[in-house]
Amino acid sequence: MQIVIPDDYQNAVLTLAAFAKLEGHEVRVFHDTVSDLDTLAERFAGAEALVLIRERTSISEDLLARLPELKVISQTGGGIAHIDQAACQRHGVTVLGGTGSPHAAAELTWGLVLAAMRHIPEEVANLKAGRWQRTLGTGLKGRTLGIFGYGKIGRLVAGYGQAFGMQVLVWGRDSTRQRAAEASLEVAESQQALFERADVLSLHLRLNDETLGIVTARHLAAMKPTALLVNTSRAPLIAAGALEMALRHGRPGQAAVDVFEQEPVITHPLLELPNLLATPHLGYVEKDSYELYFGDAFDNLLAFDAGRPVTNLAG
């Protein structure tokens, strides 16, 4: 097969053990993200298969119309909202959805919590600049950890909070609240109450029509001036512009984010704020996760090419 893999920011794909699965196939890898239709069509020209790294590149009707040789798209991870599935069906392109692991994202979430609450990045910079102990951090024991969305990642983060002696408070849809109650965790009275009570509040929701902008300026304004909001899920869960405004007004007092509306980010208003800690969407960017994501995506692709049944057929 002629295979194209876009958006390999770190030039990591060729270093993976899983890449050996594609031996005998012609593979082209690109290390940056482009959105221009002409450039994408040129890069993908002649490709029979695309292996997409999460949601970094969108697949549209207009793009598919310019890729007549394309037969299959194998997705790393299960999210396929960036792919026009109806257009794929019209153009005879099969979409294969993959699997993933919640652990890397949950671990990064907790790393952000610790880094923000204890001002670790700031103090590292201070020390290297010859400044000694310039901030006063906040401990976690006895404080309230709010979990908005008690799925695979949310459950792990809740467990980390319990291990640090925090009181866990959960909110989400009916199934979320039921699972939390079954785990003997406290369920908030409402979404508003979750934001009012949490000392640390972490978002763990899928982005869809129901959750788009589910966190509003009103919710953020209800947070404590000492509270931390953490978002390692998706930026559009928060209403456009609401987080920047909230941080400028000091409620919550700080935020830690791993996601942005448009990625990769070169400049962003949030990055100018002193009470924001940000990372460049590192949640799943970890060696074991990459081996899992890409190994599964390559296995699906090879099964499709060999005419074997593929159980992870998206849609």
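## The five-stranded sheet

Five strands, in the order E2-E1-E3-E4-E5, make up an open sheet with parallel pairing. Strand E2 (26–29) and strand E5 (94–96) are the edge strands; each has a single partner strand, so one side of each lacks a neighbour in the sheet. Averaged over the sheet, and with direction ignored, neighbouring strands are turned by 20 degrees against each other. Strands here are DSSP runs of E with at least two residues, helices are runs of H or I with at least four, and both are numbered from the N terminus; two strands pair if DSSP finds at least two bridges between them.

The model is predicted, with local features requiring pLDDT of at least 70 and side-chain atom pairs pLDDT 80 or more, while totals for chains, interfaces and linings use all residues. Residues are numbered from 1 along each chain as its sequence is written, and side-chain values use heavy atoms, without hydrogens and water.

Strand E3 (residues 49–53) runs parallel to strand E4 (residues 72–76), and five bridges join them. Leu-52 has Gln-75 in E4 as its bridge partner. Helix H11 (residues 287–305) packs on this sheet and touches strand E1 (2–5), E3, E4 and E5, contact being heavy atoms within 4.5 Å. The direction of H11 makes about 160 degrees with that of E4; axes are lines fitted to C-alpha atoms, for helices over the stretch in contact, and angles run from 0 to 180 degrees between N-to-C directions.

Strand E6 (residues 144–148) pairs with strand E7 (residues 167–171) in the parallel sense over five bridges. Ile-147 stands opposite Val-170 in E7.

## Aromatic pairs

Rings of Phe, Tyr and Trp (its six-membered ring) pair if their centres lie within 6.5 Å; planes under 30 degrees apart count as stacked, over 60 as edge-to-face and the rest as tilted. The count is eight aromatic pairs. The ring centres of Trp-110 and Tyr-160 are 6.2 Å apart and the planes stand at 65 degrees, so this pair is edge-to-face. Trp-110 in helix H4 and Tyr-160 in helix H6 (residues 152–163) are 50 residues apart, and their pair links distant parts of the chain.
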